[in-house]
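Open the model in your viewer and keep the selection tool handy. We will walk through it stop by stop, picking out a few residues each time.

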Amino acid sequence: MGSTSDWETMKAAAQICKDFGITYEARALSAHRTPTELEAWIEDMQSRGCMAFIAGAGGAAHLAGVVAATTILPTFGVPIPSKYLKGWDSLLATVQMPKGIPVATLAIGEAGAANAALAVVAILALNDGAMRDKLVAFRTAQADNVRKAVLPAL
């Protein structure tokens, strides 16, 4: 996360990781204010076996781009809603990466954070049968909830 205020949005990604039994580490590091610490953390995470990064940032939202430029691991960007532009600035800053440095950019806000974690789950499920089973069960439960939904009468 670019700052601690982003946790309110990014905890949705942490919750998905927790629900699926994925070890994760959440940190507040800024592409602008702590670039040296950010680069050292990325290197440390890679040395400990990290498989993907989820970066949430608001405003100029360069965090995901800097992470993607520092690693070859999949990087998912979550635009954080901002005070004045409601996250449009964050979305455009995250999605407009130059050719050759991809950042898979998700929706603005909590849904984007949760979906970023689910994208990581899907990647892990490619080589982990137990993770695949958990993801299939999750999707089945979602579909079942829709099928069971009853709309209120008028």
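Start by selecting D144, which counts as partly exposed at 28% relative accessibility (buried means under 20% relative accessible area, exposed over 50%, and partly exposed in between, with a 1.4 Å probe and protein chains only). Before moving on, note that this is a predicted model, in which local features need pLDDT of at least 70 and side-chain atom pairs count only at pLDDT 80 or more, while totals for chains, interfaces and linings use all residues. Residues are numbered from 1 along each chain as its sequence is written, and side-chain values use heavy atoms, with hydrogens and water left out.

**Around D144**

R147 is exposed, with a relative accessible area of 62%. An α-helix has 3.6 residues a turn, so residues three or four places apart point the same way.

**On to helix α1**

Select K11 and E8, whose side chains also form a salt bridge, at 3.0 Å from N to O. Both lie in helix α1, three residues apart. K11 is partly exposed, at 36% relative accessibility.

**A bridge between loops**

Next, pick R48 and E25: their closest N and O atoms are 2.9 Å apart, in a salt bridge. R48 is in the loop between α2 and β1 and E25 in the loop between α1 and α2, so this pair ties together parts that are 23 residues apart in sequence.

**A pair of rings**

Which way do the rings of W41 and F53 meet? Their centres are 5.8 Å apart and their planes at 70°, so the pair is edge-to-face (ring centres of Phe, Tyr and Trp, the last by its six-membered ring, pair within 6.5 Å; planes under 30 degrees apart are stacked, over 60 edge-to-face, and the rest tilted). W41 is buried at 13% relative accessibility, and F53 is buried at 4%.

**Last stop: helix α5**

Finally, select residues 110-125, the 16 residues of helix α5. Among its buried residues are G112, L118 and V121.

Technical notes:
Helix = DSSP H or I, 4+ residues; strand = E, 2+ residues; numbered from the N terminus. Expected span 1.5 Å × (residues − 1). Salt bridge = Lys/Arg side-chain N within 4 Å of Asp/Glu carboxyl O.
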